[in-house]
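Please keep the view open while reading.

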Amino acid sequence: MKRTILVLLAILTLTTAATRAQEREQLLRPWGAGFHLGLGAMAPTGSLGDEFKGCAVFNGGLDVEYNRARLKIDATYSQPSFKNANPYSLHDEQGRDLQLNGTSSVTSVGASVQLGYTAWHNGKVSVTPSVGVNFNRLNWNMNEITWKSDDQGEERPMIDRVSNVHENSTGWTASVDIDVKLSSKFVDSGSMMNHYTSSVRFTPFIAHASYRHFNPSAKGNWVGMTVSYAGLFRFLSTY
């Protein structure tokens, strides 16, 4: 008899807790704010592939959501290696290089703003396509070359000056966020109750880039995928 009563009390407690959780979820406001942080890989297409190799990419950013709509602000950092040592094709009358890259890779910093919509979700997995605009800046050192005769009378390249150069590109970008939920819980921050969801986010993406000062100009797409940890806070309409 006592065992039966204890089982009934346990069931009642679990049922009450589940009911309260459902009631809280029904009070969630449509607005949410979150973050994501991860890494991945990307490769260039088009004439970008003549200038650069594929590389790793680090990403992080903020998410603002309203119901199924998502505003995503993303930042990236990567260091793709050069394929072409003289991207501006500066040569003297004899066809000798007058410029050579001073580093084997370029520092690439990017930022994008995208607007998306969660097209499908089942409580565990959600799929959110997004489109937007992407800004990218390349930065590296360039060696200015002069050709001088040595003691034997042979012409040899000499570094005359090292300058810092950069290239900017603004283009479209598109991505698909596939969020797989890890956990979901209510967090008491003292003044209000928040609902926090953590997820693993898989994001295939494509970003157009064009560097018109290269000779010939380099343009194409960066195509890749990142894997990120994503966290999202939503607030209760009442406490």
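1. A salt bridge is a side-chain nitrogen of Lys or Arg within 4 Å of a carboxyl oxygen of Asp or Glu. Side chains of opposite charge can pair when their charged atoms come close. By this rule the protein has 11 salt bridges. In one of them the side chains of Arg70 and Asp179 meet, at 3.2 Å from N to O. Because Arg70 lies in strand S3 and Asp179 in strand S8, this pair ties together parts that are 109 residues apart in sequence.

2. The model is predicted: local features need pLDDT of at least 70, side-chain atom pairs count only at pLDDT 80 or more, and totals for chains, interfaces and linings use all residues. Residues are numbered from 1 along each chain as its sequence is written, and side-chain values use heavy atoms, with hydrogens and water left out.

3. The protein has 2 helices and 10 strands. Both are DSSP runs numbered from the N terminus (helices H or I, at least four residues; strands E, at least two). Along the sequence, the pattern is α-β-α-β-β-β-β-β-β-β-β-β.

4. Arg70 is buried, at 4% relative accessibility, and Asp179 is buried at 7%. Of the 239 residues of the protein, 35% count as buried.

5. A salt bridge also joins the side chains of Arg201 and Asp177 (3.8 Å, N to O). Arg201 is in strand S9 and Asp177 in strand S8, so the pair ties together parts 24 residues apart in sequence. Arg201 is buried, with a relative accessible area of 3%, and Asp177 is buried at 0%. Through shared partners, salt bridges join Asp63, Glu65, Arg70, Lys72, Asp177, Asp179, Arg201 and Arg234 into one network.

6. On a 1 Å grid over the protein atoms alone, a cavity is a set of points where a 1.4 Å probe fits but cannot get out, and a pocket is an open set with protein on both sides within 12 Å along at least five of seven lines; lining residues have an atom within 4 Å of a point. Grid points are joined across faces, edges and corners, and a volume is the space filled by probe spheres set on the points. There is 1 cavity of 30 Å³ or more, and the largest cavity holds about 370 Å³ of space. Its lining has 30 residues, with Asp74, Thr76, Asn134, Phe205 and Ala207 nearest the centre. S9 gives the most to this lining, 7 residues.

7. The largest pocket has a volume of about 690 Å³. Of its 27 lining residues, Glu65, His121, Ser126, Leu232 and Arg234 are the closest to its centre. The largest share of the pocket lining, 5 residues, comes from S10.

8. The lining of the largest cavity has 10 nonpolar, 16 polar and 4 charged residues. For the largest pocket, the lining has 6 nonpolar, 10 polar and 11 charged residues.

Note on methods:
Nonpolar A, V, L, I, M, F, W, Y, C, P; charged D, E, K, R; others polar. Buried < 20%, exposed > 50% of the residue type's maximum accessible area, 1.4 Å probe, protein only.
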